[in-house]
Amino acid sequence: MQVGSRPAPCHQNCTCSGAPQSPWDGAPLQPGACSWLGAPLCSSLPTWLGAPLCSSLPTMAPGRPCAAGLARFCQKLKRQKPLEDSTMETLLQRCLSTLDLTLLGVGSMVGSGLYVLTGTVAKEISGPAVVVSFAVAAVASLMAALCYAEFGARVPRTGSAYLFTYVSVGELWAFLIGWNLVLEYIIAGAAVARAWSGYLDAMFDHRIQNFTEAHLGVWQVPFLARSPDWLAASIILLASAFISCGARVSSWLNHTLSAVSMVVILFIVVLGFILARPSNWGEGEGGFAPFGFSGIMSGTATCFYAFVGFDVIATSSEEARDPKRAVPLAIALSLGLAAVAYILVSTVLTLMIPWHSLNPNSALADAFYQRGYGWAGYLVATGSICAMTTGQINGLFCLPRIIYAMAVDGLFFKGFDYVHPRTQVPLLGILVFGALTALVTLLLDLEALVQFLSIGTLLAYTFVAISVLVLRFQRASQSSSPSLAGSGLKAKEYNSFSDHLELVGPGQGPQPGQLRPALRPYLGFLDRASPGAATCWAICGLVVSAIALGCGLMLGYSVLSLPHWANLLLLLCSGVAFLLSLLVLGAHQQQRLKDTFQMPLVPLIPALSIVLNFCLMMKLSYLTWVRFTIWLLMGLLVYFGYGIWHSKENWREPPGLVTARYVAFPDGRLEETAQDPGQAPAQGPGSP
C-alpha cells in the first residue's frame with residue numbers, strides 16, 4: 001500500500017485534488033470543490049461501516065451537498081476526546097493535597113446557603129423538618145458526587161462535567177455543558193457577592209446602599225439592579241487578584257477563611273444547643289412537620305442546591321498531587337462535613353426560637369438577638385462573611401479553569417489557554433471573566449438570573465451520570481478483525497491504542513459491553529446485533545424513560561393536565577421501560593479497574609441520579625427554560641462559528657496519513673496495522 005495515495009475524485013463534477021481539507025480534515029480549502037457548509041468533500045473521507053463513502057455515492061448535480069458531507073458532519077458532532085490525552089502531565093501546578101481539596105469543597109458548599117437558605121426553608125417551606133430535608137438532599141447529592149468522584153480520579157484533568165462529557169458522550173454535548181458551566185459560575189459568583197455585600201451593609205445600617213442611591217439615584221430599567229453595587233463588584237475584583245497569584249495562594253486564603261467559618265459554626269451549634277427549647281418542635285408551635293410530607297420534599301428540592309459545590313474538587317483535579325486517591329476522598333469528606341454542618345445548624349436554629357418567627361434574611365443572627373445574645377450576632381455575621389468570601393473565591397477559581405480546558409481543546413477562543421509561567425494559572429481567563437462577573441454584579445438584577453443556577457447544575461449532573469454509564473459499558477469501538485476471518489480465532493480491532501489499554505490490557509478480564517457468561521443461554525438474543533448495540537439502546541432507553549417519569553411525576557396533573565388514568569399509564573409504561581433498561585445494562589459486563597476509584601452499584605446509582613435530576617428540572621418555571629434555550633442558542637453560534645473549526649480533534653488525523661489500528665489476539669499479542677484513510681480495509685477470505 002502506498003502511503004498518501006488517494007482514489008479518484010468523488011464524481012465528475014468535483015475538482016478536488018485529494019489534498020487535505022479544512023475544517024473537516026484540517027487544511028486549506030480547495031477552490032471549486034463540491035462542499036457541504038463550505039467544506040470540500042473529496043475521496044479522502046475516512047471509511048464508514050467498512051467502505052469508502054465517496055466511492056459509493058452517486059453522481060450529483062453541481063452545488064448540491066454530497067451525502068458524505070452530512071455523514072462526516074454528524075460524525076464530528078459526536079467525536080470524543082481520547083482518554084490517552086488525560087495523563088498527569090500538565091502546565092498547571094500540581095500542589096493541592098487531600099486537605100486542600102476537602103476545604104475547597106467545604107468552602108464551596110458551606111457559604112451563603114448556611115446563613116440564608118436554612119432560615120428561608122425553615123420559615124417558608126418545611127418548618128423544623130428542614131433537618132430531614134437537608135438529610136435527604138445530602139443523600140441525593142451523594143449519588144451525583146460519586147459520579148464526579150469516579151471521573152475525577154479516572155480523568156485527572158481540569159474541566160469537570162465538560163471534560164467528563166467530552167471523553168464519553170461527544171463534542172457537541174461537551175461544549176454545551178461547558179457553556180452552561182460558564183454561565184453558572186458567573187451568576188453564582190455575582191449572587192454570592194451580592195449576598196456578601198448585603199450582609200456587610202446590614203451591619204452598618206445600610207449606609208452604603210443609602211449613600212449610593214442618594215448620589216446616583218434609583219434605576220427603573222428592566223433587567224438592571226435598583227442601584228449599582230460597587231462593594232460587591234470590588235470584592236470580585238479583589239478575589240480575582242488573589243486567584244491570579246496561584247493555586248497555592250488561593251488555597252492558603254481558603255484555609256484561613258474556612259477555619260474562621262468552622263469555628264463560628266461550632267460556636268453556633270454549642271451555644272444553640274445550650275439555648276434549645278424542645279417545645280419549639282411541639283404541637284403548640286405547629287409540630288415538627290407543619291407543612292407535611294409535601295413540604296419536606298419541596299424543602300429537599302431547595303436544599304439540594306446547598307451541596308452543589310463539590311464539583312470544584314473535580315475541576316481542581318489537574319492541580320492535585322495524587323488525584324486518584326485525593327479526589328474521591330475529598331469529595332466524600334467535604335460532602336459529609338457540609339451535610340453535618342447543615343443538619344446541626346438547622347436543628348439548633350429551629351430549637352432556639354419557633355420556626356414561624358424566623359427572619360429569612362438573617363435567621364441565625366436574628367435568633368440569637370431574640371434570645372438576648374445580641375453580641376453573638378456579630379460573630380455570626382463575621383462567620384457568614386468569611387464563608388461567603390470562601391465560596392466567592394472557589395467559584396472564581398473554577399470558572400477560568402473551565403474556560404482553559406475548552407480553549408486547550410480548541411472549542412473556545414485561543415488565548416484563554418495561556419498559562420502564566422510563574423504562577424501557573426490561566427491568567428487571561430481569570431482577568432477577563434473576573435471582570436465580566438464584576439460587571440454582571442455591578443449592573444444586573446440577579447433575582448431572575450439566579451434560576452439559571454438550578455437548570456445548569458442539574459443538566460451537568462445528568463450528563464456526568466450518563467457519562468459514567470457510557471464509560472462503564474460503551475468505551476470501545478471494536479469489530480472483528482478482517483485479517484483473521486475464517487481462521488476460527490476471535491480477535492478484536494481497536495481504533496486507538498488507548499482503547500486496547502482500557503479494555504484488553506493485562507489483568508483486565510472480560511470486556512465491557514459483553515453479556516455476562518451465566519446469562520448467555522437465556523439472553524443470547526441481545527448479542528445478535530453489532531457489539532455494544534444492546535447497551536447503547538439500553539442507555540438511550542433509560543434516559544428517555546427517566547424524562548417520561550419526570551414529566552409524569554412533576555407535570556402530569558398540573559402542566560400536562562392528564563386524566564388520572566392517562567398519567568398512571570404514562571408512569572407505568574415509563575417505569576417498566578426504565579426497569580427493563582436497567583436490567584439490560586446489569587446483564588452486561590462492566591469495565592473494572594483496580595488502581596482507581598469506581599463507584600458502587602452501577603448502573604443503579606447513576607440511573608437514580610438521572611431520574612432525580614430530571615424530576616427537579618421539571619419543577620423549574622417555564623421562563624427559566626426560555627432563558628436557558630436562548631443561552632443554548634448563543635452557545636451553538638459560538639460552537640458552529642468557532643469551536644467546530646478549531647477543535648483539536650479536527651486536526652488529530654489529517655487525511656493522507658497512515659491510520660494506525662491495533663489488533664488484539666486471544667493470546668494477548670498486539671499487532672499494529674497501517675491503513676490509508678482513503679482505502680477500504682482488506683477483506684479476509686470469503687468476505688463479501
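So, which residues are buried in α23? Among them are T624, F628, W631, L632 and G635, and buried here means under 20% relative accessible area, with exposed over 50% and partly exposed in between, using a 1.4 Å probe on protein chains only. Y639 is on that buried list too, and a kink of about 45° in α23 is centred on Y639. That bend is the angle between axes fitted to the seven residues ending there and the seven starting there.

Keep in mind that this is a predicted model, where local features need pLDDT of at least 70 and side-chain atom pairs count only at pLDDT 80 or more, while totals for chains, interfaces and linings use all residues. Residues are numbered from 1 along each chain as its sequence is written, and side-chain values use heavy atoms, leaving out hydrogens and water.

Okay, next up, T118. It sits in helix α3, residues 112-126; helices are DSSP runs of H or I with at least four residues, numbered from the N terminus. T118 has a relative accessible area of 1%, so it counts as buried. Its side chain reaches the backbone oxygen of L114 at 3.0 Å. Setting aside neighbours within four places in sequence, T118 is in contact with G113, V130, F134, Y342, S346 and L349, where contact means heavy atoms within 4.5 Å.

Last one, Y148. Not counting residues up to four places away in sequence, Y148 touches several residues, including S160, F164, F310 and Y461.

Terms used
Helices (H or I, at least four residues) and strands (E, at least two) are DSSP runs, numbered from the N terminus. A polar contact is a pair of N or O atoms within 3.5 Å; within protein, one must be able to donate a hydrogen and the other to accept it, and residues adjacent in sequence count only if both atoms are side-chain atoms.
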